[in-house]
Amino acid sequence: VVSEGAGVLILESEKTMNARKARPLAEFRGGTYLCDATHMTQSSAETMMSVMREGLSRAGLSSGDVDYVNAHATATLHGDGEEARAISGVFGPDTAVSSLKGHLGHSLAACGALEAIAGVEMMRNSLVIPTRNLDEVAADCEGVRHIRVNTPMKLRNILSNNFAFGGMNTCLLLSQV
């Protein structure tokens, strides 16, 4: 379901934050962006894995350091299966995974910011929000730990995926402070 929304993340250097005696909500560890342009709307698991691995490398983290993956998961047959295969390929079956689009709808250009904001709040509250309305996991989406109920969990590091039109693929890594 397409939705509307807006969200703003403010990235501030540690120097200016300390100068104004502010406290951070989270630390931006790194991320990556890759435009493969092989298909207008269908990313591939290989590209998604490449983006996540490069993001981890830039953040100085390993897959075992990530406690939660916020999946892009738009409820499309092709996209969700490819993303589940990619997440499984990078993180294996034990890392918590959910999508917020069942709660918010797909806000297109705003979804990355909104989902990162929700991820920060999940870290702050030690609670993983489940994928809403996920009653039955499709066979091609198995192999990852789908969170289907509110799950208390200490989150040190999270990864947020966005795989968009035109082959634009991104991931952000955020850490608890």
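This is a predicted model: local features need pLDDT of at least 70, side-chain atom pairs count only at pLDDT 80 or more; totals for chains, interfaces and linings use all residues.
**Stop 1: two helices**

Select residues 45–59, which form helix H2, and residues 77–91, which form helix H3. The two axes come within 8 Å and cross at roughly 40°. That angle is why H2 counts as oblique to H3. Look at the handedness next: the crossing of H2 and H3 is right-handed.

Now show the side chains where the helices touch. On H2, select Ala45, Glu46, Met48, Met49, Met52, Arg53 and Leu56. On H3, the contact is made by Gly79, Glu82, Glu83, Arg85, Ala86, Ile87, Gly89, Val90 and Phe91. Colour the contact by class to find nine nonpolar, two polar and five charged residues.

**Stop 2: the second largest pocket**

Move to the second largest pocket, which holds about 690 Å³ of space. Its lining has 23 residues, and to find the centre, select Ile10, Leu11, Pro24, Leu25 and Ala26, the closest ones.

Which elements each supply at least two residues of this lining? Select helix H1 (14–19), strand E1 (27–35), helix H5 (111–125) and strand E8 (168–175). H5 gives the most, with four residues.

Finally, colour the pocket lining by class: 16 residues are nonpolar, one is polar and six are charged.

Terms used: Residues are numbered from 1 along each chain as its sequence is written. Side-chain values use heavy atoms; hydrogens and water are left out. Axes are lines fitted to C-alpha atoms, for helices over the stretch in contact, and angles run from 0 to 180 degrees between N-to-C directions. Angles under 35 degrees count as roughly parallel, over 145 as roughly antiparallel, 65 to 115 as roughly perpendicular and the rest as oblique. A crossing is left-handed if the near helix is turned anticlockwise from the far one by less than a right angle, and right-handed if clockwise. Contact means heavy atoms within 4.5 Å. Ala, Val, Leu, Ile, Met, Phe, Trp, Tyr, Cys and Pro count as nonpolar, Asp, Glu, Lys and Arg as charged, and the others, Gly among them, as polar. On a 1 Å grid over the protein atoms alone, a cavity is a set of points where a 1.4 Å probe fits but cannot get out, and a pocket is an open set with protein on both sides within 12 Å along at least five of seven lines; lining residues have an atom within 4 Å of a point. Grid points are joined across faces, edges and corners, and a volume is the space filled by probe spheres set on the points.
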